[in-house]
Amino acid sequence: MEEQLMSRKKPTYPINEQLGGYLKECNRKIKIPVFYDDLLRFAGSIVVYDSNDVDTLWVRVYYEEHERPEIESSLKKVYTILHSDGNEDAIEFLNIDAIDYCTFGNSKPFRIKVRNILNDNYTYIYVKKADASRIYGLELEHMLSPNRINFLVYKNTLIEEHIAGIAGDVFIKEFLPDLSDQAKAQIAKEFVKFNERCQMRLLGDMRSYNYVVIPIHDFDHVEYKIRAIDFDQQSYEGKLKVYQPQFFKENFEMVSIVMNRLQPSSIEQYKKEERSILAKRILNSRSRYETLIKCMCADTISSTENLEQLREYLYNFTLDLQFRRSSSMGEVLKTAMEFVKRNYENINMNRLMDT
C-alpha cells in the first residue's frame, strides 16, 4: 500500500532566508555548538535490539577517543539550550549515556540519551538534518495541535525534544487487545480526531510508528491521546490518502475499532469538533500563523507533480476553485485552513442569527 501511496524518497528542502527570519523572530534559530554532520564522524557502531531481541533499526555509535569528550560536551550544551535557555550550571551533573543513529527513513536522526547523574532521571534529544518541510510541520504542530513542541534550528541542523508516549505500533500490538470496551471506544474517538487533524493540516505518513499513544489517568479511568512524532511529510505528497492515517495498513486495528465502536453520526460529530477546535487555534495564533503561512506560500517544499496532483484531489473533494489556483503547497494549505475557518465562522453566524 505504501509504495502506491507515497514517493520512494523525499528530498531535503533548504531553509530559505524568509523562513530563517521567521525562526529567528520566534527564538527557534539559535547558535548551537554541534552540527548534524559532526555526529556523522563516528568510528563504528553496534546494532540496538529491543527487550525481545528484535532489531530496532537503530545503531549505537561510538567515536574516536580524542573526539568523544568534545562531542559529549557540545551535546550537553545543546540540551541546556533546548531545556533551560543555555544555563550551564547543571552541565556537570549531566551524562551522555548513548548516541544512537537511525538508518531507516528520510531524516536519519541521532537520538541522544541524556541522564542526570544526581537522580538517574533521563530523557532524549534528537539531532537531525534541517529540512524546511519538516520545520513547517513542527511549527504547525505547535500552533494547531493540542500540544506544544520545542525545537531549535541552526544552519543545517535541527534539534528536537523527545515526545514521550507509547509507540503506536507497540500500543496496537501489546495494549489495544486488552483494553475494555469503554477504553476502545475512547481510543476510537481519539483516532477519528487525529485522522481529521492530520488531513486538514496536510501532515502525511502517520503510520503507526510515526505517532505515539499517551495514557492519561483521570480519576477512575484512563484517557488516551494520540500525538504525531514525525513531521517529515508535511505538505509533500500528492495523494490525499497519504494525509489520512486511516488508509495505512499499519492502522488497520485502529480503523477496525472505530467502525465497531462508533456510530456514523458520532464519527461525523468528532470530525466537526476537531475542525472547530482547529479553526479556534488558527484564530488564537493569527499573527504567528499568518507569518508562517506567508513563508510557506513563497517556498518550494514539494515537486510540481505532487502539487498538481494534490490540488486536484482537494478540488474534487471540496469543489473549492481556490485549490486549483494554488501555485505552491503553502497556498494549498492556506486554502484548506481558510475552508476550515469559513465553515466555523458560518456556523457561529447561524447560531447568532438563531438567538
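Glutamate 139 and arginine 28 form a salt bridge (a side-chain nitrogen of Lys or Arg within 4 Å of a carboxyl oxygen of Asp or Glu), with the closest N and O atoms 2.8 Å apart. Glutamate 139 lies in helix H5 (residues 132-144) and arginine 28 in the loop between helix H2 (17-25) and helix H3 (36-39), so the pair ties together parts 111 residues apart in sequence. Helices are DSSP runs (H or I) of at least four residues, and strands (E) of at least two. Glutamate 139 is buried, at 0% relative accessible area. Arginine 28 is also buried, at 6%. Buried means under 20% relative accessible area, exposed over 50%, and partly exposed in between (1.4 Å probe, protein chains only).

The model is predicted; local features need pLDDT of at least 70, side-chain atom pairs count only at pLDDT 80 or more, and totals for chains, interfaces and linings use all residues. Residues are numbered from 1 along each chain as its sequence is written, and side-chain values use heavy atoms, without hydrogens and water.

The count of salt bridges comes to 27. One joins arginine 115 and aspartate 97 (2.7 Å, N to O). Arginine 115 sits in strand S4 (residues 110-116) and aspartate 97 in strand S3 (residues 94-102), 18 residues apart. Aspartate 97 is partly exposed, at 29%.

Glutamate 312 pairs with arginine 324, and their closest N and O atoms are 2.7 Å apart. Helix H11 (residues 304-318) holds glutamate 312, and helix H12 (residues 321-324) holds arginine 324. Both are partly exposed: glutamate 312 at 30%, arginine 324 at 39%. A network of salt bridges links Lys193, Arg197, Glu273, Glu274 and Arg281.
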